[in-house]
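The following exercises concern a single chain and its ligand. Each task is followed by a worked solution.

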Amino acid sequence: MIHRVISLKYRPQNLDELTGQAHIVMSLKGAIKSGRIGHAFLFAGPRGVGKTTTARILAKSLNCVEGPTVHPCQKCQSCREITISRSIDVVEIDGASNRGIDEIRNLREGVRYSPLHGRHKIYIIDEVHMLTEQAFNALLKTLEEPPRNVVFVFATTDPTKVPATILSRCQRFVFKRLSLQEITARLRTIAEKEKIQIADRALHYIAIRADGSIRDGESILEQLVSFVEGEITEEDVFQLVGFLAIDYYAELLDLILAGDLGKVIALLNRGIEDGAAPLEIYRGFTGYLRMMLLVKANVSEEFIDLDEKERTILKKIPLSETEIIGMLETCLRFEDSIRRSTNSRVAAELFLSQLVLPRIQTASQAVQTTSKAHAAHRDASALGEHLAEYLQEKSPTLAGIIRRAEVKKQGNDIAIVADSDFSKEQILGNKKSVEQILKKLTGTDAALTVEVARSGQEDDIINTLKVMFDGEEVR
Ligand SMILES: Nc1ncnc2c1ncn2[C@@H]1O[C@H](COP(=O)(O)OP(=O)(O)O)[C@@H](O)[C@H]1O
Ligand SMILES: [Mg+2]
Ligand SMILES: [Zn+2]
(Lines give C-alpha, C1' and ligand atoms only; values in the text may rest on other atoms or scores of the structure.)
(Ligands and ions follow the chains in the order given, each with its own letter.)
Protein backbone atom coordinates (compact mmCIF):
# COMPACT_ATOMS: atom_id res chain seq x y z
CA MET A 1 0.00 0.00 0.00
CA ILE A 2 2.63 2.48 1.01
CA HIS A 3 5.78 1.87 -0.98
CA ARG A 4 7.98 4.52 0.52
CA VAL A 5 8.10 5.02 4.21
CA ILE A 6 5.84 7.85 5.21
CA SER A 7 8.54 10.05 6.69
CA LEU A 8 10.44 10.06 3.38
CA LYS A 9 7.43 10.43 1.18
CA TYR A 10 6.09 13.29 3.26
CA ARG A 11 9.34 15.10 3.80
CA PRO A 12 8.55 18.76 3.04
CA GLN A 13 10.24 19.94 -0.15
CA ASN A 14 9.89 23.66 0.35
CA LEU A 15 9.51 26.03 3.28
CA ASP A 16 5.75 26.35 2.85
CA GLU A 17 5.26 22.64 3.42
CA LEU A 18 6.83 22.69 6.86
CA THR A 19 4.45 22.29 9.77
CA GLY A 20 5.03 24.84 12.52
CA GLN A 21 8.44 26.56 12.88
CA ALA A 22 6.82 29.71 11.49
CA HIS A 23 9.51 31.99 12.92
CA ILE A 24 12.24 30.03 11.14
CA VAL A 25 10.36 29.87 7.84
CA MET A 26 9.90 33.63 7.96
CA SER A 27 13.50 34.57 8.58
CA LEU A 28 14.89 32.04 6.10
CA LYS A 29 12.53 33.32 3.43
CA GLY A 30 13.69 36.85 4.19
CA ALA A 31 17.33 35.83 3.90
CA ILE A 32 16.81 33.91 0.64
CA LYS A 33 14.82 36.73 -0.97
CA SER A 34 17.34 39.38 0.01
CA GLY A 35 20.23 37.18 -1.11
CA ARG A 36 22.02 37.85 2.16
CA ILE A 37 22.91 34.34 3.21
CA GLY A 38 25.18 33.77 6.16
CA HIS A 39 27.86 31.15 5.77
CA ALA A 40 27.06 29.19 8.90
CA PHE A 41 23.71 28.22 10.41
CA LEU A 42 23.02 26.33 13.59
CA PHE A 43 19.70 24.48 13.68
CA ALA A 44 19.01 23.50 17.29
CA GLY A 45 16.00 21.59 18.57
CA PRO A 46 14.59 18.21 19.55
CA ARG A 47 14.54 15.20 17.21
CA GLY A 48 12.09 14.90 14.37
CA VAL A 49 10.98 18.52 14.12
CA GLY A 50 12.43 19.42 10.73
CA LYS A 51 16.09 20.40 11.18
CA THR A 52 17.58 18.16 8.49
CA THR A 53 14.57 18.75 6.26
CA THR A 54 14.99 22.52 6.51
CA ALA A 55 18.73 22.24 5.83
CA ARG A 56 17.97 20.40 2.58
CA ILE A 57 15.27 22.86 1.61
CA LEU A 58 17.73 25.68 2.18
CA ALA A 59 20.26 23.90 -0.03
CA LYS A 60 17.63 23.51 -2.75
CA SER A 61 16.56 27.11 -2.48
CA LEU A 62 20.14 28.27 -2.91
CA ASN A 63 21.18 25.95 -5.72
CA CYS A 64 18.03 25.72 -7.85
CA VAL A 65 18.59 27.01 -11.43
CA GLU A 66 15.88 29.51 -10.68
CA GLY A 67 17.43 30.36 -7.36
CA PRO A 68 18.11 31.68 -4.91
CA THR A 69 14.38 31.22 -4.54
CA VAL A 70 11.87 30.36 -1.84
CA HIS A 71 10.09 28.23 -4.45
CA PRO A 72 12.73 25.80 -5.75
CA CYS A 73 11.54 24.33 -9.07
CA GLN A 74 11.95 20.67 -7.94
CA LYS A 75 12.71 19.83 -11.59
CA CYS A 76 16.23 21.04 -12.33
CA GLN A 77 19.18 18.70 -11.87
CA SER A 78 20.18 20.27 -8.56
CA CYS A 79 16.67 20.07 -7.08
CA ARG A 80 16.23 16.47 -8.19
CA GLU A 81 19.60 15.40 -6.86
CA ILE A 82 19.04 17.04 -3.50
CA THR A 83 15.64 15.34 -3.18
CA ILE A 84 17.30 11.93 -3.43
CA SER A 85 20.41 12.99 -1.43
CA ARG A 86 22.72 12.59 -4.43
CA SER A 87 23.89 16.13 -5.00
CA ILE A 88 27.66 16.47 -5.22
CA ASP A 89 27.44 20.04 -4.00
CA VAL A 90 25.47 19.16 -0.90
CA VAL A 91 27.48 17.07 1.51
CA GLU A 92 25.80 15.52 4.54
CA ILE A 93 27.98 14.43 7.41
CA ASP A 94 26.59 12.56 10.39
CA GLY A 95 28.43 13.91 13.41
CA ALA A 96 27.31 10.97 15.51
CA SER A 97 28.95 8.33 13.34
CA ASN A 98 31.82 10.45 12.06
CA ARG A 99 33.26 11.83 15.22
CA GLY A 100 36.81 11.64 13.84
CA ILE A 101 39.02 14.40 12.70
CA ASP A 102 39.47 12.70 9.30
CA GLU A 103 36.03 13.64 8.09
CA ILE A 104 36.60 17.27 8.92
CA ARG A 105 39.98 17.06 7.16
CA ASN A 106 38.19 15.78 4.07
CA LEU A 107 35.80 18.63 4.49
CA ARG A 108 38.64 21.13 4.68
CA GLU A 109 40.00 19.72 1.44
CA GLY A 110 36.59 19.70 -0.18
CA VAL A 111 35.66 23.29 0.58
CA ARG A 112 38.55 24.46 -1.62
CA TYR A 113 36.87 23.21 -4.78
CA SER A 114 34.09 25.29 -6.16
CA PRO A 115 30.63 23.83 -6.48
CA LEU A 116 30.12 21.63 -9.52
CA HIS A 117 26.61 22.47 -10.62
CA GLY A 118 25.09 24.77 -8.05
CA ARG A 119 26.02 28.19 -6.86
CA HIS A 120 26.94 26.99 -3.41
CA LYS A 121 28.68 24.14 -1.79
CA ILE A 122 26.63 23.19 1.24
CA TYR A 123 27.78 21.11 4.17
CA ILE A 124 25.13 19.77 6.47
CA ILE A 125 26.60 18.33 9.66
CA ASP A 126 23.98 16.48 11.67
CA GLU A 127 24.35 16.03 15.44
CA VAL A 128 27.31 18.37 15.28
CA HIS A 129 27.71 18.32 19.07
CA MET A 130 29.05 14.78 18.79
CA LEU A 131 32.25 15.83 17.01
CA THR A 132 35.50 15.38 18.90
CA GLU A 133 37.40 18.36 20.20
CA GLN A 134 40.01 17.94 17.47
CA ALA A 135 37.32 17.84 14.81
CA PHE A 136 35.80 21.02 16.26
CA ASN A 137 39.19 22.74 16.13
CA ALA A 138 39.65 21.77 12.52
CA LEU A 139 36.16 22.95 11.72
CA LEU A 140 36.78 26.23 13.49
CA LYS A 141 39.75 26.98 11.22
CA THR A 142 37.45 26.66 8.20
CA LEU A 143 34.82 28.83 9.83
CA GLU A 144 37.35 31.53 10.62
CA GLU A 145 38.22 32.00 6.96
CA PRO A 146 35.14 30.75 5.20
CA PRO A 147 35.71 30.00 1.52
CA ARG A 148 33.41 31.82 -0.87
CA ASN A 149 30.18 30.09 -1.76
CA VAL A 150 30.37 27.61 1.07
CA VAL A 151 27.43 27.36 3.46
CA PHE A 152 27.48 25.28 6.63
CA VAL A 153 24.37 24.04 8.32
CA PHE A 154 24.95 22.44 11.68
CA ALA A 155 22.08 20.56 13.24
CA THR A 156 22.02 19.53 16.88
CA THR A 157 19.70 18.25 19.56
CA ASP A 158 22.09 19.50 22.21
CA PRO A 159 23.47 22.99 21.49
CA THR A 160 24.94 23.24 24.99
CA LYS A 161 27.60 20.76 23.87
CA VAL A 162 28.67 22.86 20.91
CA PRO A 163 31.76 24.98 21.73
CA ALA A 164 31.11 28.68 22.12
CA THR A 165 33.74 29.46 19.50
CA ILE A 166 31.62 27.64 16.92
CA LEU A 167 28.31 28.99 18.19
CA SER A 168 29.47 32.56 17.97
CA ARG A 169 30.15 32.15 14.26
CA CYS A 170 26.72 30.78 13.44
CA GLN A 171 23.36 32.28 12.80
CA ARG A 172 21.24 30.41 15.25
CA PHE A 173 17.74 28.98 14.69
CA VAL A 174 15.84 27.26 17.46
CA PHE A 175 13.37 24.64 16.24
CA LYS A 176 10.42 23.99 18.53
CA ARG A 177 8.83 20.71 19.44
CA LEU A 178 5.53 20.56 17.63
CA SER A 179 2.25 20.96 19.46
CA LEU A 180 -0.32 18.21 19.78
CA GLN A 181 -2.56 20.09 17.36
CA GLU A 182 0.20 20.52 14.78
CA ILE A 183 1.13 16.85 14.88
CA THR A 184 -2.49 15.72 14.73
CA ALA A 185 -3.18 17.99 11.76
CA ARG A 186 -0.11 16.77 9.89
CA LEU A 187 -0.92 13.11 10.50
CA ARG A 188 -4.50 13.68 9.45
CA THR A 189 -3.36 15.18 6.14
CA ILE A 190 -1.07 12.22 5.52
CA ALA A 191 -3.81 9.74 6.42
CA GLU A 192 -6.20 11.43 4.00
CA LYS A 193 -3.69 11.41 1.16
CA GLU A 194 -2.82 7.76 1.77
CA LYS A 195 -6.50 6.83 2.21
CA ILE A 196 -5.75 5.42 5.64
CA GLN A 197 -8.88 4.99 7.73
CA ILE A 198 -8.16 6.12 11.23
CA ALA A 199 -10.34 7.25 14.14
CA ASP A 200 -9.84 10.77 15.51
CA ARG A 201 -9.05 9.41 18.96
CA ALA A 202 -6.40 7.14 17.49
CA LEU A 203 -4.72 10.14 15.81
CA HIS A 204 -4.93 11.98 19.10
CA TYR A 205 -3.10 9.25 20.99
CA ILE A 206 -0.46 8.85 18.31
CA ALA A 207 0.19 12.57 18.57
CA ILE A 208 0.52 12.36 22.36
CA ARG A 209 2.96 9.52 22.01
CA ALA A 210 4.95 11.38 19.37
CA ASP A 211 5.82 13.82 22.13
CA GLY A 212 6.58 16.81 19.95
CA SER A 213 8.20 14.92 17.07
CA ILE A 214 6.45 14.62 13.70
CA ARG A 215 8.84 11.89 12.65
CA ASP A 216 7.89 9.76 15.65
CA GLY A 217 4.22 10.33 14.90
CA GLU A 218 4.74 9.28 11.28
CA SER A 219 6.57 6.14 12.21
CA ILE A 220 3.86 5.06 14.65
CA LEU A 221 1.25 5.67 11.96
CA GLU A 222 3.23 3.63 9.52
CA GLN A 223 3.57 0.67 11.86
CA LEU A 224 -0.16 0.76 12.52
CA VAL A 225 -0.89 0.72 8.80
CA SER A 226 1.21 -2.39 8.40
CA PHE A 227 -0.62 -4.46 10.99
CA VAL A 228 -4.16 -3.14 11.25
CA GLU A 229 -6.80 -4.14 8.76
CA GLY A 230 -9.66 -1.72 8.33
CA GLU A 231 -10.02 1.36 10.46
CA ILE A 232 -7.26 2.10 12.99
CA THR A 233 -8.75 2.61 16.43
CA GLU A 234 -7.36 3.95 19.70
CA GLU A 235 -7.17 0.36 20.95
CA ASP A 236 -4.76 -0.43 18.10
CA VAL A 237 -2.59 2.50 19.18
CA PHE A 238 -2.51 1.34 22.81
CA GLN A 239 -1.64 -2.15 21.71
CA LEU A 240 1.23 -0.98 19.56
CA VAL A 241 2.86 1.50 21.85
CA GLY A 242 2.01 -0.06 25.20
CA PHE A 243 0.25 3.14 25.99
CA LEU A 244 -2.57 3.42 28.45
CA ALA A 245 -5.57 5.61 27.83
CA ILE A 246 -6.55 8.43 30.13
CA ASP A 247 -9.36 6.17 31.40
CA TYR A 248 -6.72 3.91 32.87
CA TYR A 249 -5.24 6.72 34.94
CA ALA A 250 -8.70 7.91 35.92
CA GLU A 251 -9.48 4.44 37.25
CA LEU A 252 -6.15 4.26 39.06
CA LEU A 253 -6.83 7.57 40.77
CA ASP A 254 -10.35 6.46 41.73
CA LEU A 255 -8.99 3.38 43.45
CA ILE A 256 -6.27 5.38 45.19
CA LEU A 257 -8.83 7.84 46.54
CA ALA A 258 -11.00 4.96 47.70
CA GLY A 259 -7.98 3.62 49.60
CA ASP A 260 -8.25 0.24 47.88
CA LEU A 261 -4.64 -0.86 47.81
CA GLY A 262 -5.30 -4.38 46.55
CA LYS A 263 -7.14 -3.13 43.48
CA VAL A 264 -4.61 -0.36 42.87
CA ILE A 265 -1.79 -2.86 42.70
CA ALA A 266 -3.82 -5.25 40.58
CA LEU A 267 -4.55 -2.44 38.11
CA LEU A 268 -0.88 -1.49 37.98
CA ASN A 269 -0.01 -5.06 37.12
CA ARG A 270 -2.73 -5.24 34.51
CA GLY A 271 -1.18 -2.16 32.88
CA ILE A 272 2.22 -3.83 32.90
CA GLU A 273 0.74 -6.95 31.35
CA ASP A 274 -0.80 -4.77 28.65
CA GLY A 275 2.74 -3.77 27.73
CA ALA A 276 3.32 -0.51 29.57
CA ALA A 277 6.59 -0.24 31.51
CA PRO A 278 6.31 0.71 35.21
CA LEU A 279 8.18 3.94 34.47
CA GLU A 280 5.67 4.69 31.73
CA ILE A 281 2.75 4.19 34.09
CA TYR A 282 4.48 6.36 36.66
CA ARG A 283 4.96 9.10 34.07
CA GLY A 284 1.46 8.71 32.75
CA PHE A 285 -0.03 9.04 36.20
CA THR A 286 2.16 11.98 37.14
CA GLY A 287 1.27 13.65 33.84
CA TYR A 288 -2.39 12.98 34.54
CA LEU A 289 -2.18 14.70 37.94
CA ARG A 290 -0.29 17.58 36.40
CA MET A 291 -2.92 18.03 33.70
CA MET A 292 -5.60 17.93 36.36
CA LEU A 293 -3.84 20.67 38.26
CA LEU A 294 -3.60 22.81 35.11
CA VAL A 295 -7.26 22.26 34.27
CA LYS A 296 -8.35 23.10 37.80
CA ALA A 297 -6.16 26.18 37.83
CA ASN A 298 -7.75 27.28 34.53
CA VAL A 299 -4.43 27.42 32.73
CA SER A 300 -4.79 28.48 29.09
CA GLU A 301 -5.77 25.58 26.81
CA GLU A 302 -2.76 25.81 24.55
CA PHE A 303 -0.58 24.42 27.35
CA ILE A 304 -2.86 21.46 27.94
CA ASP A 305 -2.53 18.41 25.70
CA LEU A 306 -6.10 17.28 26.18
CA ASP A 307 -9.27 17.08 24.19
CA GLU A 308 -12.70 18.21 25.35
CA LYS A 309 -13.75 14.82 26.73
CA GLU A 310 -10.59 14.54 28.82
CA ARG A 311 -10.88 18.05 30.19
CA THR A 312 -14.40 17.32 31.36
CA ILE A 313 -13.30 14.11 33.10
CA LEU A 314 -10.53 15.97 34.93
CA LYS A 315 -12.68 18.91 36.02
CA LYS A 316 -15.07 16.58 37.82
CA ILE A 317 -12.54 14.82 40.00
CA PRO A 318 -13.12 15.78 43.64
CA LEU A 319 -9.60 16.82 44.54
CA SER A 320 -8.50 20.28 45.60
CA GLU A 321 -5.45 21.92 44.09
CA THR A 322 -3.65 21.52 47.42
CA GLU A 323 -4.38 17.80 47.46
CA ILE A 324 -3.15 17.38 43.90
CA ILE A 325 0.06 19.23 44.73
CA GLY A 326 0.52 16.95 47.74
CA MET A 327 0.19 13.88 45.53
CA LEU A 328 2.55 15.33 42.93
CA GLU A 329 5.13 15.81 45.66
CA THR A 330 4.89 12.13 46.52
CA CYS A 331 5.26 11.34 42.81
CA LEU A 332 8.46 13.34 42.49
CA ARG A 333 9.99 11.60 45.49
CA PHE A 334 9.66 8.27 43.70
CA GLU A 335 10.89 9.23 40.27
CA ASP A 336 14.48 8.20 40.88
CA SER A 337 13.70 4.87 42.45
CA ILE A 338 11.34 3.85 39.65
CA ARG A 339 13.76 5.00 36.97
CA ARG A 340 16.86 3.41 38.46
CA SER A 341 15.60 0.39 40.32
CA THR A 342 16.47 -2.98 38.83
CA ASN A 343 13.03 -3.94 39.99
CA SER A 344 10.95 -1.07 38.75
CA ARG A 345 7.70 -2.97 39.18
CA VAL A 346 8.18 -3.21 42.94
CA ALA A 347 9.30 0.42 43.06
CA ALA A 348 6.09 1.38 41.27
CA GLU A 349 4.04 -0.71 43.71
CA LEU A 350 5.65 1.03 46.67
CA PHE A 351 5.04 4.36 45.01
CA LEU A 352 1.33 3.68 44.61
CA SER A 353 1.17 2.28 48.15
CA GLN A 354 2.49 5.60 49.41
CA LEU A 355 -0.34 7.37 47.65
CA VAL A 356 -2.93 4.96 49.02
CA LEU A 357 -1.65 4.81 52.62
CA PRO A 358 -2.87 8.23 53.80
CA ARG A 359 -6.27 7.46 52.24
CA ILE A 360 -6.64 4.27 54.27
CA GLN A 361 -5.88 6.21 57.41
CA THR A 362 -8.29 8.98 56.54
CA ALA A 363 -10.98 6.41 55.90
CA SER A 364 -10.45 4.77 59.27
CA GLN A 365 -10.24 8.13 61.05
CA ALA A 366 -13.54 9.09 59.52
CA VAL A 367 -15.13 5.98 60.96
CA GLN A 368 -13.59 6.67 64.36
CA THR A 369 -14.73 10.25 64.62
CA THR A 370 -18.31 9.58 63.60
CA SER A 371 -18.82 6.69 65.95
CA LYS A 372 -20.26 7.61 69.34
CA ALA A 373 -18.68 4.58 70.92
CA HIS A 374 -15.36 6.16 70.18
CA ALA A 375 -16.02 9.50 71.84
CA ALA A 376 -13.24 8.77 74.29
CA HIS A 377 -10.90 8.16 71.44
CA ARG A 378 -11.85 11.48 69.94
CA ASP A 379 -10.97 13.21 73.22
CA ALA A 380 -7.66 11.45 73.20
CA SER A 381 -6.81 12.51 69.71
CA ALA A 382 -7.78 16.10 70.55
CA LEU A 383 -5.38 15.76 73.45
CA GLY A 384 -2.72 14.57 71.02
CA GLU A 385 -3.31 17.62 68.87
CA HIS A 386 -3.00 19.99 71.81
CA LEU A 387 0.16 18.26 72.88
CA ALA A 388 1.62 18.67 69.42
CA GLU A 389 0.68 22.34 69.42
CA TYR A 390 2.51 22.91 72.69
CA LEU A 391 5.59 21.16 71.37
CA GLN A 392 5.54 22.84 67.98
CA GLU A 393 7.75 25.76 68.85
CA LYS A 394 10.27 23.92 71.00
CA SER A 395 10.60 20.89 68.77
CA PRO A 396 8.79 20.71 65.45
CA THR A 397 10.17 17.20 64.93
CA LEU A 398 8.65 15.95 68.14
CA ALA A 399 5.38 17.72 67.35
CA GLY A 400 5.31 15.93 64.00
CA ILE A 401 5.94 12.60 65.70
CA ILE A 402 3.04 13.20 68.07
CA ARG A 403 0.76 14.16 65.19
CA ARG A 404 1.54 10.91 63.42
CA ALA A 405 1.14 8.92 66.61
CA GLU A 406 -2.05 7.72 68.19
CA VAL A 407 -2.83 9.06 71.65
CA LYS A 408 -4.99 6.78 73.80
CA LYS A 409 -6.54 7.27 77.20
CA GLN A 410 -6.50 4.18 79.38
CA GLY A 411 -8.45 5.13 82.46
CA ASN A 412 -6.47 7.99 83.87
CA ASP A 413 -3.32 6.98 82.11
CA ILE A 414 -2.21 7.99 78.67
CA ALA A 415 -0.57 5.82 76.04
CA ILE A 416 1.12 7.17 72.96
CA VAL A 417 1.43 4.72 70.09
CA ALA A 418 4.29 5.94 67.91
CA ASP A 419 4.62 5.05 64.25
CA SER A 420 8.22 3.77 64.45
CA ASP A 421 10.98 2.81 66.85
CA PHE A 422 12.70 6.06 66.06
CA SER A 423 9.60 8.04 66.99
CA LYS A 424 9.23 6.08 70.19
CA GLU A 425 12.80 6.89 71.22
CA GLN A 426 12.28 10.55 70.50
CA ILE A 427 9.22 10.66 72.75
CA LEU A 428 10.94 8.70 75.53
CA GLY A 429 13.94 11.03 75.29
CA ASN A 430 11.58 13.90 76.16
CA LYS A 431 9.33 11.98 78.47
CA LYS A 432 9.63 14.46 81.39
CA SER A 433 8.53 17.51 79.44
CA VAL A 434 5.82 15.59 77.58
CA GLU A 435 4.41 14.41 80.90
CA GLN A 436 4.44 17.95 82.27
CA ILE A 437 2.51 19.28 79.32
CA LEU A 438 0.01 16.40 79.59
CA LYS A 439 -0.46 17.22 83.25
CA LYS A 440 -1.26 20.80 82.36
CA LEU A 441 -3.63 19.75 79.61
CA THR A 442 -5.56 17.11 81.56
CA GLY A 443 -5.30 18.52 85.07
CA THR A 444 -4.40 15.05 86.35
CA ASP A 445 -1.19 13.20 87.18
CA ALA A 446 -1.51 10.79 84.32
CA ALA A 447 1.20 8.18 83.81
CA LEU A 448 2.58 8.05 80.32
CA THR A 449 3.47 4.92 78.38
CA VAL A 450 4.95 4.87 74.89
CA GLU A 451 4.53 2.01 72.45
CA VAL A 452 5.22 1.33 68.78
CA ALA A 453 2.46 0.49 66.37
CA ARG A 454 2.56 -2.44 64.03
CA SER A 455 -0.36 -0.84 62.40
CA GLY A 456 -3.01 -2.94 60.77
CA GLN A 457 -2.79 -0.86 57.61
CA GLU A 458 0.90 -1.52 57.26
CA ASP A 459 0.32 -5.24 57.67
CA ASP A 460 -2.39 -5.07 55.04
CA ILE A 461 -0.05 -3.41 52.63
CA ILE A 462 2.77 -5.82 53.22
CA ASN A 463 0.43 -8.79 52.91
CA THR A 464 -1.04 -7.48 49.70
CA LEU A 465 2.41 -6.96 48.27
CA LYS A 466 3.37 -10.48 49.25
CA VAL A 467 0.31 -11.93 47.61
CA MET A 468 1.07 -9.98 44.48
CA PHE A 469 4.66 -11.19 44.30
CA ASP A 470 4.14 -14.81 45.28
CA GLY A 471 4.58 -17.31 42.54
CA GLU A 472 5.11 -14.59 40.02
CA GLU A 473 8.22 -13.65 38.19
CA VAL A 474 9.11 -10.16 39.26
CA ARG A 475 10.17 -8.08 36.27
N1 LIG B 1 8.16 20.60 10.76
C2 LIG B 1 7.85 19.49 10.05
N3 LIG B 1 6.84 19.54 9.14
C4 LIG B 1 6.50 18.44 8.41
N5 LIG B 1 7.14 17.25 8.53
C6 LIG B 1 8.14 17.15 9.42
C7 LIG B 1 8.55 18.26 10.21
N8 LIG B 1 9.55 17.87 11.00
C9 LIG B 1 9.78 16.57 10.72
N10 LIG B 1 8.94 16.14 9.77
C11 LIG B 1 8.87 14.76 9.24
O12 LIG B 1 9.85 13.99 9.94
C13 LIG B 1 10.87 13.53 9.06
C14 LIG B 1 12.22 13.73 9.72
O15 LIG B 1 12.45 15.11 9.92
P16 LIG B 1 13.92 15.69 10.10
O17 LIG B 1 13.97 16.99 9.39
O18 LIG B 1 14.94 14.68 9.71
O19 LIG B 1 13.96 15.92 11.65
P20 LIG B 1 15.20 16.36 12.55
O21 LIG B 1 16.35 16.62 11.64
O22 LIG B 1 14.73 17.59 13.27
O23 LIG B 1 15.44 15.21 13.49
C24 LIG B 1 10.69 14.34 7.80
O25 LIG B 1 11.05 13.57 6.69
C26 LIG B 1 9.22 14.66 7.78
O27 LIG B 1 8.51 13.58 7.23
MG1 LIG C 1 17.94 15.20 11.49
ZN1 LIG D 1 15.37 23.65 -9.15
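**Exercise 1. The ligand shell**

From which domains does the shell around ligand 1 draw at least three residues each?

*Solution.* The model is a predicted one, in which local features need pLDDT of at least 70 and side-chain atom pairs count only at pLDDT 80 or more, while totals for chains, interfaces and linings use all residues. Residues are numbered from 1 along each chain as its sequence is written, and chains are lettered from A and ligands numbered from 1 in the order in which they are written.

Step 1. A residue is near a molecule if its C-beta atom, placed from the backbone, lies within 6 Å of it. Around ligand 1 there are 20 residues, the closest being Arg 11, Gly 50, Thr 52, Thr 53 and Arg 215.

Step 2. Two or more residues of this shell come from each of α3 (51-63) and α10 (214-227); helices are DSSP runs (H or I, at least four residues), as are strands (E, at least two), numbered from the N terminus.

Step 3. Domain 1 (6-174) and domain 2 (180-241) each give at least three residues to the shell around ligand 1. The domain bounds come from an automatic or database domain assignment.

Step 4. By class, the shell around ligand 1 holds six nonpolar, eight polar and six charged residues. Here Ala, Val, Leu, Ile, Met, Phe, Trp, Tyr, Cys and Pro count as nonpolar, Asp, Glu, Lys and Arg as charged, and the others, Gly among them, as polar.

**Exercise 2. Helices α9 and α12**

Which residues of α9 and of α12 are buried?

*Solution.* Step 1. In α9 (residues 200-210), eight of the 11 residues are buried, so this helix is largely enclosed by the rest of the structure. They are Ala 202, Leu 203, His 204, Tyr 205, Ile 206, Ala 207, Ile 208 and Ala 210. They pack against α8 (180-193), α10 and α11.

Step 1. In α12, the buried residues are Tyr 248, Tyr 249, Leu 252, Leu 253, Leu 255 and Ile 256. These cover an arc of only 160° around the axis, which puts them on the same side of α12; the arc is that of the directions from the helix axis to the C-beta atoms. An α-helix has 3.6 residues a turn, so residues three or four places apart point the same way.

Step 2. Asp 211 follows α9 with a positive phi near 50°, and Gly 259 follows α12 with a positive phi near 70°.

Step 3. In the loop between α11 (234-241) and α12 lies Ala 245. Beyond residues up to four places away in sequence, Ala 245 touches Glu 234 and Phe 238. Two loop residues

Are Glu 127 and Asn 149 buried or partly exposed?

*Solution.* Step 1. Glu 127 is in the loop between β3 and α6 (133-144), and Asn 149 is in the loop between α6 and β4.

Step 1. Glu 127 is buried, with 22 other C-beta atoms within 10 Å. Asn 149, with 17 C-beta neighbours inside 10 Å, counts as partly exposed.

Step 2. Neither residue is a glycine, yet phi is positive at about 45° for Glu 127 and at about 70° for Asn 149.

Technical notes. A residue is buried if 20 or more other C-beta atoms lie within 10 Å of its own, exposed if 12 or fewer, and partly exposed in between; C-beta atoms are placed from the backbone. Two residues are in contact if their C-beta atoms, placed from the backbone, lie within 7 Å.
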